[in-house]
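Here is a walk through the structure shown below. Follow it helix by helix.

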Amino acid sequence: MTGTDEDAFRIIASSPDGVLQSELWKILGVDSRKCSRIVKKLLDSNRVERIEYRQEGIKTFRLIARKGPADPYCLLAGDELIPCIACEEDCVVEECNALLDWMYQLAISDAEESTSESGKTDE
Amino acid sequence: MVSYEEMLADKAIFAYLHRMIGDEGIELIRRFPTDKEYSDEELAEVTEINLNSVRNTLYTLYEHRLARYRRIKNNETGWLTYLWQLELENMYDSVSKDLEIILEKLRRRCKYESENAFYNCTNCGLTFTFSDAMDSQFVCPHCNNQLIHFDNEPLAFALQRRIARIEENLGHV
């Protein structure tokens, strides 16, 4: 994969709805033929999927990044689940003390993780 | 395919489900018969879990597409019966949707943490932004204790790392 291929993938992956191929080559600053070659590489490597799309009667494709399965461990800090799951409070995320507690736990578990990793490296 | 019991053995999935449906909900999943569809009343009888808990759990799971129902009508009485089945196969889709929402929240919180300086009252544990602390002349408005600068950098850094991990997991790289 070249730098432009990676740039293309990053642009496609940056939106959950993906990007139209007719827009992608303009964003990348390449011509449409080169864009088609980049898209082909991404399709061949199974990193994106392509869905037919009509824009003002003209056929184009919507390109969407393929995701792996979501990682539920992203919701945990140590053993503590993020308080936002099933939260029924009025959300003021900047002032949420439950989230602040979780952030403390996150900082602690990150520090423990890096300590144990450096311990393994020392051995 | 991973069994429901194996799914519940996963620490993160268990915590996620437990927050949504509680102890009785988890028990319902453990005892849920998989041979056919069941009505809520049948489930309460088979699993020996309170009918209200069964209903609450099923509706919560349904909202996350982790359970589905089929509605049948009794032509004689006109009564509707809902027959339920679990769909925990959709677990990762459900987690993914929640992660999208949480990603936005963490980004907002991280911006707030990065753009503000904080001051702490060591007596009552309250935290104030720089402008609030300045308004009270760096004295706690509740106990008159001197406010002390609070270094939130480790929190902001931990948030940044987690945001990057979620972005990578969701393919927003």
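A crossing is left-handed if the near helix is turned anticlockwise from the far one by less than a right angle, and right-handed if clockwise. Helices (H or I, at least four residues) and strands (E, at least two) are DSSP runs, numbered from the N terminus. This is a predicted model, in which local features need pLDDT of at least 70 and side-chain atom pairs count only at pLDDT 80 or more, while totals for chains, interfaces and linings use all residues. Residues are numbered from 1 along each chain as its sequence is written, chains are lettered from A and ligands numbered from 1 in the order in which they are written, and side-chain values use heavy atoms, with hydrogens and water left out.

Confidence comes next. The model scores ipTM 0.89 and pTM 0.78. pLDDT is the predictor's confidence in each residue, from 0 to 100. Chain A has a mean pLDDT of 88, with 93% of its residues at 70 or more. Within chain A, the lowest confidence falls in helix α1 (residues 3-13), at a mean of 83, and the highest in strand β5 (residues 80-81), at 97. Chain B has a mean of 93, and 98% of its residues reach 70 or more. Its lowest value is in helix α1 (residues 4-8) of chain B, at a mean of 89, and its highest in α4(B), at 97. Where pLDDT is low, the predicted coordinates should not be read in detail.

Now to helix packing in chain B. Axes are lines fitted to C-alpha atoms, for helices over the stretch in contact, and angles run from 0 to 180 degrees between N-to-C directions. Angles under 35 degrees count as roughly parallel, over 145 as roughly antiparallel, 65 to 115 as roughly perpendicular and the rest as oblique.

Start with α3 (residues 40-47) and α4 (residues 51-63) of chain B: they pack at about 120 degrees, axes 9 Å apart. That angle makes α3(B) oblique to α4(B). The crossing of α3(B) past α4(B) is right-handed. B:Asp40, B:Glu41, B:Leu43 and B:Ala44 of α3(B) touch B:Leu51, B:Val54, B:Arg55 and B:Leu58 of α4(B), where contact means heavy atoms within 4.5 Å. These residues divide into 5 nonpolar, no polar and 3 charged. Here Ala, Val, Leu, Ile, Met, Phe, Trp, Tyr, Cys and Pro count as nonpolar, Asp, Glu, Lys and Arg as charged, and the others, Gly among them, as polar.

Next, α5 (residues 91-115) and α7 (residues 153-170) of chain B cross at roughly 150 degrees, their axes coming within 9 Å. α5(B) and α7(B) are therefore roughly antiparallel. α5(B) passes α7(B) in a left-handed crossing. The contact includes B:Leu99, B:Leu103 and B:Leu106 of α5(B) and B:Leu159, B:Ile163 and B:Ile166 of α7(B). By class, it has 10 nonpolar, 4 polar and 6 charged residues.

α5(B) also packs with α2 (residues 11-31) of chain B, at about 70 degrees and with axes 12 Å apart. α2(B) and α5(B) are therefore roughly perpendicular. B:Ile13, B:Tyr16 and B:Leu17 of α2(B) meet residues including B:Met91 and B:Tyr92 of α5(B).

Finally, chain A. A:Arg47 and A:Glu6 form a salt bridge (2.9 Å, N to O).

Terms used. Salt bridge = Lys/Arg side-chain N within 4 Å of Asp/Glu carboxyl O.
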